[in-house]
Amino acid sequence: MDLIGPQFGHGDEHVKHRDKEYVRGEIHSNTIEGFFSLMKHGVYGTWHSISRKQLFLYVAGPACEFRYNHGRKGDGARTLPAMRQADGMRLKYRQQTGC
């Protein structure tokens, strides 16, 4: 099993909710739970369902990752980073779905 922690210079730290431990210093699960909440709201409210094959497109693309990283900014402040990220990208439906 691959661990995310080592890729970002962190060890395999975790908290034990079953032991009523929810935070230890900077170790907690709030960040990932917030991201999952944003993802679930997108699935239930906008897309209604997504396939496993295309899940990575929703998670890493502008649908979730960008909204999570830039969500607290106003519309104007989000526009320039969105345009920079889209520069040179062209994704046709056929490329996305493999059809």
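Predicted model: local features only at pLDDT ≥ 70, side-chain atom pairs only at ≥ 80, totals over all residues.
View 1. Helices are DSSP runs of H or I with at least four residues, numbered from the N terminus. Residue numbers start from 1 along each chain as its sequence is written. Local features need pLDDT of at least 70, side-chain atom pairs count only at pLDDT 80 or more, totals for chains, interfaces and linings use all residues, and side-chain values use heavy atoms, without hydrogens and water.

View 2. The 18 residues of H1 reach 24 Å from the first C-alpha to the last, close to the 26 Å expected at 1.5 Å a residue; the expected span is 1.5 Å times one less than the number of residues. Phe35, Met39, Gly42 and Val43 of H1 are buried (under 20% relative accessible area; exposed is over 50%, partly exposed in between; 1.4 Å probe, protein chains only). These residues lie on the same side of H1 because they cover an arc of only 95° around the axis, taken from the directions from the helix axis to the C-beta atoms. Exposed Asn30, His41, Tyr44 and Gly45 sit on the face turned away from the buried side.

**View 3. The aromatic pair Phe35–Tyr68.** Ring centres of Phe, Tyr and Trp (its six-membered ring) must lie within 6.5 Å to pair; planes under 30 degrees apart are stacked, over 60 edge-to-face, the rest tilted. One aromatic pair is counted by this rule. Phe35 and Tyr68 are edge-to-face, 5.6 Å centre to centre with 75° between the planes. Phe35 belongs to helix H1 and Tyr68 to helix H3 (residues 62-70), so the pair ties together parts 33 residues apart in sequence.

Key:
Helix = DSSP H or I, 4+ residues; strand = E, 2+ residues; numbered from the N terminus.
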